[in-house]
Amino acid sequence: MSKSASGPTHLGIIMDGNGRWAKRRSLPRTAGHVEGLKALKRVIIEAKEQGIEVVTFYTFSTENWKRSEQEVSYLMHLIVSKLHGELAFYNRHGIRIRARGDLSALPQPVQEAIAKTEAATQSNSAITAVIAINYGGRDEICRAVGKALAASGKQSVTEEEISQHLDLPDLPPVDMIVRSADEQRLSNFLLWESAYAELAFYEKLWPEWGREEIQAICQEYRLRVRKFGGVE
Ligand code: IPE
Ligand code: IPE
Ligand code: MG
């Protein structure tokens, strides 16, 4: 097996460091989240240029409910306002928005904004941006196992059946997972699919990311040799 000539097809991003970005400027953490969403727009545009088909953005984890009520509600409002307010941007760039996670536990306005934006962008085909929200890898696996057992009527499930019952089983598997802000952990992101994903960690805080980071990630990915347990 040789180096990837192209790709990644599906990139997962753990967007981290919004709070630190704000703290360094003596701003409230919420200012970091606003700036982080600007980075997301720069990144999706370059991802499209690079021919990436899917980018999954880790937006809110099943553990992020532990944050202050004020920060959580600010984030939820910000997400609703960006889903509605950036529709022209998504359509102009051919961005299809999809969501992944336990959406049923999100506040009603967030669920509605997601459903509306998914419907309004479903025929866009340049790139898919997946928002992982109220997403936890363990939670997703538990939900998938439950659905797979119910669907098969058996007492055990195969890896293939679990894969088919993950949140967005029609998407290509994640090729590479990257994280900003110098933390080197997955924090419950895409646990099932990370089994053979390439990993890379970057120092820059998420609000500082732009086109250069995506170019560097694509270059790095193309140097990786993927063996999937086989031999070169
Ligand atoms: C990532 O930035 C955004 C979310 C997890 C919602 P953080 O808010 O975790 O930023 P730091 O880690 O505190 O700097
Ligand atoms: C991971 O970041 C979650 C998201 C990026 C949405 P966190 O900042 O919540 O992760 P930990 O707590 O540092 O592991
Ligand atoms: Mg963090």
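Thr 128 lies in strand E4, residues 127-135. Helices (H or I, at least four residues) and strands (E, at least two) are DSSP runs, numbered from the N terminus. This is a predicted model, where local features need pLDDT of at least 70, side-chain atom pairs count only at pLDDT 80 or more, and totals for chains, interfaces and linings use all residues. Residues are numbered from 1 along each chain as its sequence is written, and side-chain values use heavy atoms, with hydrogens and water left out.

Thr 128 is buried, at a relative accessible area of 13%. Buried means under 20% relative accessible area, exposed over 50%, partly exposed in between (1.4 Å probe, protein chains only). Not counting residues up to four places away in sequence, Thr 128 touches Glu 53, Val 54, Val 55, Arg 96 and Arg 98. Contact means heavy atoms within 4.5 Å.

Turn to strand E6, residues 198-201. Its side chains alternate. Glu 198 and Ala 200 point to one face and are buried. E6 pairs with strand E5 (residues 176-179) in the parallel sense, over four bridges. Pairing requires at least two DSSP bridges between two strands. Leu 199 of E6 is the bridge partner of Ile 177.

Now the helices. The axes of H2 (residues 29-49) and H8 (residues 211-223) come within 8 Å and cross at roughly 40°. Axes are lines fitted to C-alpha atoms, for helices over the stretch in contact, and angles run from 0 to 180 degrees between N-to-C directions. H2 contributes Arg 42, Val 43, Ile 45, Glu 46, Ala 47 and Glu 49 to the contact. H8 contributes Arg 211, Ile 214 and Gln 215.

Methods:
Chains lettered and ligands numbered in written order.
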